[in-house]
Amino acid sequence: MMGGTVISLRGATKQFGGLVAVDNVSFEVREHEVMGLIGPNGSGKSTTLNLISGALPATDGDIALKGQEITGLPARDIARKGVARTFQLVRLLPSMNVIENVMAGAVFGHRRRWGASAERHAKQVLETVGLADKAKAHTSQLTYIDTKRVELARALAGEPEVLLLDEWLAGLNPTELTEGIDLIHRLRDEGRTIILVEHVMDAIRSLCDACVVMSSGKKIAEGTTDEVLSDPEVIRAYLGDDDA
Amino acid sequence: MKRDEWKTLGWGAGLLVVAALLPLTGDGYLISLGVTIAMYTVLATSWALFSGPTHYISLATAAFFGVGTYVTGSGIEVLPYWLLLPIAAVVGGVLAALVGLATLRLSGVYFVIFTLGLAEMTRQAVTWYQNQTGHKGTYVLTDFTDNDIYWQLLGLAALVYLVGWAIGRSRLGFALRIIGDDEDVARHVGINTALSKVALFIVSGAVAAVVGAIIAPRYVYIEPSTAFTPMLSFQVVIMALLGGTGRLWGPLVGVIPFTLLWEAISSSFPNQTTLLLGLSFLAIVYLLPGGFVGLYDRLKGRAAKRSALA
Amino acid sequence: MDIVITGLILGGTYALIALGLNLQYGVSRIMNLANGEMLVIGAFTAFTLFTVAQVSPLLTIFIVAPVAYVLNWLIYRIMLRPLVNRAKNRGMLEQDAILTTFGLSFVMVGIMLWAFGGDYFSYSYLSRPVVIFGDNFGLNRVVAFLCAAILCAGLYLWLNVSRAGMAIRAVAVSPEHARLVGIDVPKLSARAFALGGAVTAVGGAVISTFLTLDASTGVMFTMKALIIVIMGGVGDVRGTILAALVLGVGETMVATLIDPGLTLAAAYALFILILLFRPQGFFGRKPT
């Protein structure tokens, strides 16, 4: 079921002044694959995601989407080529209602639609994330998980080649967390390609086909989720030397 | 088009016809007031097209307007008048594009300062050029009356409303609303934010230049200090914000009361105009944020809540 | 040489004014477009005291500074703090601050026009020539420059050495983190705003010794100060001073070599170059 390579990083590096936040990281994500990008706080996962989406320019290295170089492109071009993302802190468009928020993705994303077709598509996506009945609601009236759903729907609405989720499950209560994991499971079953930065271990175990583990900006392990999570070096990175 | 839209269009056309009948009164004072109102309506509405969604405050209106008057001033002897209006639009649009490309990538503060100085800089440059070539001002001699100028401005106003309405329905209009809400999100859904902002700024610059070109014959004699008066930019900003930039009709409901009020103020307190202008700025920020449109929306929201409770 | 020294002398006084604005913008994050009017008020005070009571402008500074400090503190507390509190994001605060301070600037100009009329005002103070490198310069300009240099140096040292100065710089770099180490950000913002206003007003008193001003010239100084702040980088004292000197020399060059009517156009040309090539300022790092 795995297809060709969708995203590949070769030696991706990001420096902030003297600090190397992402140090020579390489990995590949294949079509229909759900890849977990994990590691302790401050290990450079979110920065890596920002390099892929073009939120930050890479200092060095190459990033390619389906074999096509996207390093150094502005975020808008990367989005058009088929990379969609959610943000660590939810960012909705406050002056618009739910369906308009989703249409923003449908109108300007990878597959561009307009008018009635965009609206129809946005409604479909809202159904996928379970928000069909709140299409006309204002964003200020939503619960926390619903704001996350809207953001996810906005990212999905452009029918991206790859979806980047930056701690999408963070901050949810236990009930919401189950719903959230189920939702992403459905996306996975639809065959979408997803990179997720995540801390919730249950989610990683049940969702990810493969994982890349980062620590202090470097990639320290890569492989199937089970392999990686039982790797002593990974455990050391998470828990410190004494517990290993 | 939907039924509502036909209805709005009908109302608009009706109002336009009524407004066009004003010169039939034959009252010179009324007509001259009409010219002023029509001029500020066009300027404030086109200003709001750009500044409303993006929140960038442009003080460049005077610069575009002045450039427009100079297009008429220097071209009237050489070219037919009707050709001058599109030329003014192009010159204003190009100037806006240059300014926009240099500043619209940056924060709003840089933009406001840059546009504030633009009129002054253009004035200095024109004055310098005229000193070099040895003439001080330019005569614009036409047989246009206030009536002709008024009708032209009304026509332009109708055009601006149509353009504004079309932009509101277009991808560009949608893109600008997203940019106004969150520019980072706009970039990440694939919007070319700089290009969208520049496009709208060009529209508002071109319109202001055409207004200047139409008004020029009224001045008869134009010189840099009258063509590039910075007060014009500030008045346009105040009128647009007083009305509210959230709707296309917002600036209009700010222009009419403010023009009348200003007319009264400048005749009764000619020495305190600056002070009063400052106070009106403060009044809008503290008492009427969002302008009349904001007030209208709040009242409507409150009424809706009340009827929902009942 | 003549041009360079005249330009540097002018730039020195610009530096003082721009430092005031930079303190306000860098720390309290309010772009104060009424800054130039504060300068004119300082200049007016110096002028009035000199013509009425022959008080030396250099002494007037000690009256202007505390008065301007209190005035600006009140402006911040009464008018600007509510805007900071109600703003939902940076963009909204920016728009409100621009409109409010513009309104304020008009009000101040209006009051000054009302009280003093629209005449130019100038007085003759130390207008004797001194010779530097074989050229003649007005003593008042040289004294003004020295005065500005001493104040700039003092401010720089204070910001870098004293505890309060460190706290102010911390807020300028990151208000969120400053809060975490126990700095009272709102209180400090008000103080920095007040201090910035006082510095600018003192600059006005100094500049009035050699420039002719009128009630409505404030906006010209606001613009120049802003251009300097942007060139030098927000919150960067060294950058501000360097930018002020560059602007002073550039303006003087255009005024003497081409046409005195083009000084603002010259400032603008510099501004455009900076915006196009180094929008982060002379010493600034690229924002990420």
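**View 1. B:Thr226 sits in helix H10 of chain B.** This close-up comes from a predicted model. Helix H10 covers residues 224-227 of chain B, and B:Thr226 is one of them. Is B:Thr226 buried or exposed? B:Thr226 counts as exposed, because 12 other C-beta atoms lie within 10 Å of its own and a residue with 12 or fewer falls in that class.

**View 2. Chain C meets chain B.** Here 33 residues of chain C and 29 residues of chain B make up the contact. On the chain C side, helix H4 (90-116), helix H9 (218-232) and helix H11 (263-277) each put in at least two residues. Which of the elements gives the most to that side? That's H4(C), with 18 residues. Sorted by class, the side of chain C that touches chain B holds 23 nonpolar residues, along with 7 polar and 3 charged ones.

**View 3. Chain C is built from 11 helices and 2 strands.** Starting at the N terminus, you'd trace the elements of chain C as α-α-α-α-β-β-α-α-α-α-α-α-α. Chain C is as compact as a globular protein of its length, since its radius of gyration is 18 Å, close to the 19 Å that the globule rule gives for 288 residues. The C-alpha trace spans about 55 × 45 × 35 Å along the principal axes of chain C.

**View 4. Inside chain C.** Of the 288 residues in chain C, 52% are buried. As for contacts in chain C with a separation of 6 or more, 77% of them pair residues 24 or more positions apart.

Notes: Residues are numbered from 1 along each chain as its sequence is written. Chains are lettered from A and ligands numbered from 1 in the order in which they are written. This is a predicted model: local features need pLDDT of at least 70, side-chain atom pairs count only at pLDDT 80 or more; totals for chains, interfaces and linings use all residues. Helices (H or I, at least four residues) and strands (E, at least two) are DSSP runs, numbered from the N terminus. The radius of gyration is taken over C-alpha atoms; the globule rule is 2.2 Å times the number of residues to the power 0.38. A residue is buried if 20 or more other C-beta atoms lie within 10 Å of its own, exposed if 12 or fewer, and partly exposed in between; C-beta atoms are placed from the backbone. Two residues are in contact if their C-beta atoms, placed from the backbone, lie within 7 Å. Ala, Val, Leu, Ile, Met, Phe, Trp, Tyr, Cys and Pro count as nonpolar, Asp, Glu, Lys and Arg as charged, and the others, Gly among them, as polar.
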